[in-house]
Amino acid sequence: MKKRTKVWITIASLITIALAIFIYFRFYFVFGEGVKSGELNYVVHKGVLFKTYEGKLIQAGIRSKTAGSMQSYEFEFSVENGELAQRLMLLSGRTVELHYKEYFGALPWRGFTKFIVDSIVSVEGSIPNVQDVSSLPEEITSLP
């Protein structure tokens, strides 16, 4: 092989490796994780090309986005697991604690946000009036 060809192959390989590392850290590296608590406002299944589950948690406290206005803290999140999203839909309006993972960027098939909820930590209050409680998480069905 010519020396020039080897140089181009080396450059192409380095660019490919750098691009792979960038994509991994941007979209797959878990930047942070934690638990958020608040009233579950909604969970919806929406999208044009990729149908994803999106939700909003209203947290306690009030803040001001602009001078002279008041607004509550809102945590917007996505849910990858369809079964978990169905459970969350049954808990709308209830106070819940949700475990989430935070990424640097959002992927269209994973959801609209950088925050991905992966489990329900706890739920306050009584069990909702539903016919099939087998679809509810164990921590909910064990509530008084």
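Three helices and five strands make up the folded elements of this protein. Keep in mind that the model is predicted. Starting at the N terminus, you can follow the elements in the order α-β-β-β-α-β-β-α. Of the 144 residues in the protein, 28% are buried.

**How the strands pair**

Let's look at strand S4, which covers residues 95-103 and pairs with strand S1, residues 30-46. These two strands run antiparallel and are joined over nine bridges. To find one spot in this pairing, look for Val 30, which stands opposite Tyr 103 in S4. S4 also pairs with strand S5, residues 115-123, again in the antiparallel sense. How many bridges join S4 to S5? There are seven bridges between them. Leu 98 has Ile 120 of S5 as its bridge partner. As you trace a strand, remember that in a regular one the side chains alternate between the two faces of the sheet.

Here are the two pairings side by side:

| Strand pair | Sense | Bridges |
|---|---|---|
| S1 (residues 30-46) and S4 (residues 95-103) | antiparallel | nine bridges |
| S4 and S5 (residues 115-123) | antiparallel | seven bridges |

**The loop between S4 and S5**

Pro 108 sits in the loop that links S4 and S5. Is Pro 108 buried or partly exposed? Its relative accessible area is 41%, so Pro 108 counts as partly exposed, a class that lies between the cut-offs of 20% and 50%.

**One face of helix H2**

Now turn to helix H2, which spans residues 82-90. Which residues of H2 are buried? They are Leu 84, Ala 85 and Leu 88. Looking down the axis of H2, you would see these buried residues fall within an arc of 100 degrees, so they line one face of the helix. At the start of H2, Asn 81 places a side-chain oxygen within 2.9 Å of the backbone nitrogen of Glu 83.

Phe 25 is part of helix H1, residues 3-27. With a relative accessibility of 40%, Phe 25 counts as partly exposed.

Definitions and conventions
Residues are numbered from 1 along each chain as its sequence is written. This is a predicted model: local features need pLDDT of at least 70, side-chain atom pairs count only at pLDDT 80 or more; totals for chains, interfaces and linings use all residues. Side-chain values use heavy atoms; hydrogens and water are left out. Helices (H or I, at least four residues) and strands (E, at least two) are DSSP runs, numbered from the N terminus. Buried means under 20% relative accessible area, exposed over 50%, partly exposed in between (1.4 Å probe, protein chains only). The arc is that of the directions from the helix axis to the C-beta atoms. A polar contact is a pair of N or O atoms within 3.5 Å; within protein, one must be able to donate a hydrogen and the other to accept it, and residues adjacent in sequence count only if both atoms are side-chain atoms. Two strands pair if DSSP finds at least two bridges between them.
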